[in-house]
Amino acid sequence: MRGGLKIAAIVLGMCAAVSAQDGTSSHKAPSVTLAPPGLTSVTRGKTGNVELSFRIANGFHINSNTPKSEFLIPTSLKLTAPTDIVVGKIVYPPGEDASFPFAPDEKLSVYSGDFNLTVSVHPLSSVIPTKYAVHGQLKYQACDNAACYPPKTLPVDFEVKVEKGKAVPRANPAQSPHVHN
């Protein structure tokens with residue numbers, strides 16, 4: 001009788017994994033969410049950093065930005081900014097090495113739970129001080145312990161407030177040591 005229960009549990013688990021792939025499961029779908037980013041102030045002509053905080057649904061993981069196999073889809077952020085706002089380097093956290101039942105002998109580089117990305121922004125010195133919207137998408141592929149799901153994109157939007165900056169005090173021009181009449 002116990003052997004029959006074990007087989008039934010295995011079959012039921014396989015059915016749940018298959019139905020999760022085609023979207024008919026009552027289990028939570030894999031998802032990544034973005035915490036509302038705060039307003040980041042940057043002085044024009046200088047570089048500032050925007051912190052973006054993401055959360056992966058419980059029971060899922062996504063490939064890191066540098067997966068260990070060419071067949072895995074890396075997590076990537078693509079942004080478009082207004083003219084005169086330069087988006088610089090995007091810093092991704094290192095992935096966690098983990099193995100899963102579908103590839104027990106292979107360590108995969110993944111994110112799970114919460115992770116942060118840091119985006120460098122640089123408004124040119126000629127930019128008018130005001131708020132500017134930056135838009136983009138986070139592309140990721142979520143997996144659970146049994147299967148991977150089709151890649152998804154998450155809209156990513158945040159604002160950068162460009163500030164004028166402090167006036168630089170100017171020194172008086174040098175005076176001639178000679179007396180002029």
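**Close-up views of a predicted model**

View 1. Asp 84 sits in the loop that runs between strand 5 (76-80) and strand 6 (85-91). The backbone at Asp 84 has a phi near 75 degrees, which is a positive value in a residue other than glycine.

**View 2. The whole chain, as a setting for the close-ups.** The protein contains one helix and twelve strands, and along the sequence these elements follow the pattern α-β-β-β-β-β-β-β-β-β-β-β-β. Of the 181 residues in the protein, 31% are buried. When contacts between residues at least 6 apart in sequence are considered, 73% of them join residues at least 24 apart. The accessible surface of the protein amounts to about 11,900 Å², and carbon and sulfur atoms account for 56% of that surface.

**View 3. Phe 54 and Phe 115, a stacked aromatic pair.** A search of the whole structure finds three aromatic pairs. One of them is formed by Phe 54 and Phe 115, whose rings are stacked, with 5.3 Å centre to centre and 20 degrees between the planes. Because Phe 54 belongs to strand 3 (residues 48-56) and Phe 115 to strand 9 (residues 114-123), the pair ties together parts of the protein that are 61 residues apart in sequence. Both Phe 54 and Phe 115 are buried. Together with Tyr 111, Phe 54 and Phe 115 make up one aromatic cluster.

**View 4. Phe 60 and Tyr 149, an edge-to-face aromatic pair between two loops.** The rings of Phe 60 and Tyr 149 form an aromatic pair that is edge-to-face, with 6.0 Å centre to centre and 70 degrees between the planes. This pair links distant parts of the chain, 89 residues apart, since Phe 60 lies in the loop between strand 3 and strand 4 (61-63), whereas Tyr 149 lies in the loop between strand 11 (142-143) and strand 12 (152-163). Phe 60 is buried, and Tyr 149 is buried as well.

**View 5. The disulfide of Cys 143 and Cys 148.** In general terms, a disulfide is a covalent bond between the sulfur atoms of two cysteines. A search of the whole structure finds one disulfide, and this is formed by Cys 143 and Cys 148, with their sulfur atoms 2.1 Å apart. The link of Cys 143 and Cys 148 is right-handed, with 100 degrees about the S-S bond. Cys 143 counts as buried because its relative accessibility is 1%, whereas Cys 148 counts as partly exposed because its relative accessibility is 30%.

View 6. The antiparallel pairing of strand 7 with strand 8 (residues 103-111) extends over four bridges. Asp 97 has Ser 109, in strand 8, as its bridge partner.

Note on methods: Residues numbered from 1 in each chain as written. Predicted model: local features only at pLDDT ≥ 70, side-chain atom pairs only at ≥ 80, totals over all residues. Heavy atoms only, no water. Phe/Tyr/Trp six-rings, centres within 6.5 Å; stacked < 30°, edge-to-face > 60°. Buried < 20%, exposed > 50% of the residue type's maximum accessible area, 1.4 Å probe, protein only. Disulfide = S-S within 2.5 Å. Pairing = 2+ DSSP bridges. Contact = heavy atoms within 4.5 Å. Areas by Shrake-Rupley, 256 points an atom, 1.4 Å probe, with all protein chains shown as cover.
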